[in-house]
Amino acid sequence: MSIKGWTVVFEGHRIQADLVAAALEADGLRAEVFGDNAYGVGIDLTAARLLVPEDQAEAARRLIKEAESAPAEADEASEDEPHPPPAPGTSP
């Protein structure tokens with residue numbers, strides 16, 4: 001599927017595409033999700049595509065890539081931080 005002036009920057013489950021679109025929109029980008037709206041057990045796992053205007057595609061891809069790597073970096077940072085000593089009367 002292609003729409004003149006728009007570029008696909010993400011393909012995946014509908015719920016993922018909706019979350020990514022919300023993050024991009026919060027950063028000031030335009031985003032449109034295209035796909036079925038078939039929900040099951042309260043979660044939408046149908047396939048979807050996320051499109052942004054062509055002039056915003058590079059920024060959108062950069063933000064998506066940064067977001068994909070952020071959780072791993074946050075976990076590594078928390079391991080490096082010193083942990084406070086256990087409270088008196090508790091075991092570590």
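1. Glu66 counts as partly exposed, at 43% relative accessibility (buried means under 20% relative accessible area, exposed over 50%, and partly exposed in between, with a 1.4 Å probe and protein chains only). Its salt-bridge partner is Arg62, with the closest N and O atoms 3.5 Å apart (a salt bridge is a side-chain nitrogen of Lys or Arg within 4 Å of a carboxyl oxygen of Asp or Glu). Arg62 is partly exposed as well, at 45%. Both residues lie in helix 2, 4 residues apart, about one turn of the helix. Helices (H or I, at least four residues) and strands (E, at least two) are DSSP runs numbered from the N terminus.

2. On the basis of these values: this is a predicted model, in which local features need pLDDT of at least 70 and side-chain atom pairs count only at pLDDT 80 or more, while totals for chains, interfaces and linings use all residues. Residues are numbered from 1 along each chain as its sequence is written, and side-chain values use heavy atoms, with hydrogens and water left out.

3. The structure holds an open sheet of 3 strands in the order 1-3-2, with antiparallel pairing. Strand 1 (6–13) and strand 2 (32–35) are the edge strands, each pairing on one side only. Two strands pair if DSSP finds at least two bridges between them. Neighbouring strands are turned by 30° against each other on average, direction ignored. Axes here are lines fitted to C-alpha atoms, for helices over the stretch in contact, and angles run from 0 to 180 degrees between N-to-C directions.

4. Strand 1 and strand 3 run antiparallel and are joined by 7 bridges; in this pairing Gly12 stands opposite Ala48. Between strand 2 and strand 3 (residues 47–53) there are 4 bridges, also antiparallel. On that side, Val33 has Leu50 as its bridge partner, and Phe34 stands opposite Arg49. Strand 3 is largely enclosed by the rest of the structure, because 5 of its 7 residues are buried.

5. Glu11 lies in strand 1, so the pair ties together parts that are 38 residues apart in sequence. Arg49 is partly exposed at 30% relative accessibility, whereas Glu11 is exposed at 53%.

6. How many salt bridges does a search of the whole structure find? There are 3. Arg14 and Asp18 both belong to helix 1 and are 4 residues apart, about one turn of the helix. Arg14 counts as buried at 11%, and Asp18 as partly exposed at 32%.

7. Helix 1 (residues 14–26) lies across strand 1, strand 2 and strand 3, and runs at about 135° to strand 1.

8. The largest nonpolar core has 16 residues, of which Val9, Leu24, Leu50 and Val52 touch the most other members. Strand 1, helix 1, strand 3 and helix 2 (57–80) each supply at least two residues of this core. A nonpolar core is a set of buried Ala, Val, Leu, Ile, Met, Phe, Trp, Tyr and Cys residues joined through side-chain atoms within 4.5 Å.

9. Val52 can be checked by its contacts (heavy atoms within 4.5 Å). Leaving aside neighbours within four places in sequence, Val52 is in contact with residues including Trp6, Val9, Leu24, Ala57 and Ala60.
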